[in-house]
Amino acid sequence: MSGAPKRVLIVDGYNVINARSHPGSAQALADARDRLVNDLEDYAGFSGQEIVVVFDAWQAERPVRSVEQRGAVRVVFTRKGEIADRYIERLCDEYAEDVEYRRAEVRVATSDALEQTIVLGRGATRVSARELIYEMAQVRRHGAERAAAQPVKRSTVGDRIPAHIVHKMREMTRGKE
């Protein structure tokens, strides 16, 4: 085995949205989904995790499941009649061998107690929706602090050219004067 295990976070999207606020209208729900996915993209960038966020459409008229990749975040909308919990459980099953052989660490973000118990039995660890929200804020804050603490380097084309080539170029320009 080489390197650290792959880190995967599976998020029950509506569960986390409901832990943040309770959107009223369909537009407010769509905005809350977009905001969560954007926040998860930032979080993935700072944390280095692969993230899958699952939104269930079991009451919607969506006949097929849709999957969209947004940066390091895979956004899944289940099909009509399929709840997010079942999709998340199947995903945990797919990672089970990698988890067993320590090639992957899988966490599931949900506040559903039954779902937490089921995913624990499938080798994943659990994090509540509120814990994830707090963790995302902490990682973002520390990432921003780290970025602010690093001095901005001035970068020029000359900085990327090997020294021996710069030396030859200077010799060539001196010869033309």
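The exercises below, each with a worked solution, concern a predicted model.

**Exercise 1. Overall make-up**

Determine the secondary structure of the protein chain, its order along the sequence, and the share of buried residues.

Solution. 
- Step 1. Counting the elements of the protein chain gives seven helices and six strands.
- Step 2. Along the sequence, these elements follow the pattern β-α-α-β-β-β-α-β-α-β-α-α-α.
- Step 3. The protein chain has 177 residues, and 34% of them count as buried.
- Step 4. For contacts with a separation of 6 or more, 55% come from residues 24 or more positions apart.

**Exercise 2. Aromatic pairs**

Find how many aromatic pairs the structure holds, and characterise the one formed by F55 and F77.

Solution. 
- Step 1. There are two aromatic pairs in the structure.
- Step 2. In the pair of F55 and F77, the ring centres are 5.3 Å apart and the planes make 25 degrees. Planes under 30 degrees apart count as stacked, and the pair of F55 and F77 is stacked.
- Step 3. F55 belongs to strand β2 (residues 50-55) and F77 to strand β4 (residues 73-77), so the pair ties together parts that are 22 residues apart in sequence.
- Step 4. The relative accessible area of F55 is 0%, and F55 is buried. F77 also counts as buried, at 15% relative accessibility.

**Exercise 3. Helix α1 and its packing on α2**

Is helix α1 (residues 13-20) largely enclosed or largely open? Describe how α1 packs against helix α2 (residues 26-47).

Solution. 
- Step 1. Helix α1 has eight residues and six of them are buried, so α1 is largely enclosed by the rest of the structure.
- Step 2. The buried residues of α1 are G13, Y14, N15, V16, I17 and A19.
- Step 3. The angle between α1 and α2 is about 105 degrees, and their axes are 10 Å apart. This makes α1 roughly perpendicular to α2.
- Step 4. From α1, the residues G13, Y14, V16, I17 and R20 take part in the contact; from α2, they are L29, A32, R33, R35, L36 and D39.
- Step 5. Sorted by class, the contact of α1 with α2 has six nonpolar, one polar and four charged residues.

**Exercise 4. Packing of α3 and α4**

Work out the relative orientation of helix α3 (residues 84-100) and helix α4 (residues 113-121), and name the residues that meet.

Solution. 
- Step 1. The axes of α3 and α4 are 9 Å apart and the helices pack at an angle of about 15 degrees.
- Step 2. Angles under 35 degrees count as roughly parallel; α3 and α4 are therefore roughly parallel to each other.
- Step 3. The crossing of α3 past α4 is right-handed.
- Step 4. On the α3 side the contact involves D85, I88, E89 and C92, which meet E115, I118 and V119 of α4.
- Step 5. These residues comprise four nonpolar, no polar and three charged.

**Exercise 5. Surroundings of I133**

Locate I133 and state what it touches beyond its sequence neighbours.

Solution. 
- Step 1. I133 is part of helix α5 (residues 129-149).
- Step 2. The relative accessibility of I133 is 25%, and I133 counts as partly exposed.
- Step 3. Not counting residues up to four places away in sequence, I133 touches V16, A19 and R20.
- Step 4. The C-alpha atoms of I133 and L40 are 9.8 Å apart in space, while 93 residues separate the two in sequence.

**Exercise 6. Two loop residues**

Solution. 
- Step 1. A57 is in the loop between β2 and β3 (66-70), and R102 is in the loop between α3 and β5 (104-109).
- Step 2. A57 counts as buried at 7% relative accessibility, whereas R102 is exposed, with a relative accessible area of 61%.
- Step 3. Leaving aside neighbours within four places in sequence, A57 is in contact with R62, T78, R79, K80, G81 and E82.
- Step 4. A57 and A84 are 27 residues apart in sequence, and their C-alpha atoms are 7.9 Å apart in space.
- Step 5. Most residues other than glycine have a negative phi. R102 has a positive phi, near 60 degrees, and is a residue other than glycine.

Definitions and conventions:
Residues numbered from 1 in each chain as written. Predicted model: local features only at pLDDT ≥ 70, side-chain atom pairs only at ≥ 80, totals over all residues. Heavy atoms only, no water. Phe/Tyr/Trp six-rings, centres within 6.5 Å; stacked < 30°, edge-to-face > 60°. Helix = DSSP H or I, 4+ residues; strand = E, 2+ residues; numbered from the N terminus. Buried < 20%, exposed > 50% of the residue type's maximum accessible area, 1.4 Å probe, protein only. Axes fitted to C-alpha atoms, helices over the stretch in contact; angles between N-to-C directions. Parallel < 35°, antiparallel > 145°, perpendicular 65-115°, else oblique. Left-handed = near helix turned anticlockwise from the far one by under 90°. Contact = heavy atoms within 4.5 Å. Nonpolar A, V, L, I, M, F, W, Y, C, P; charged D, E, K, R; others polar.
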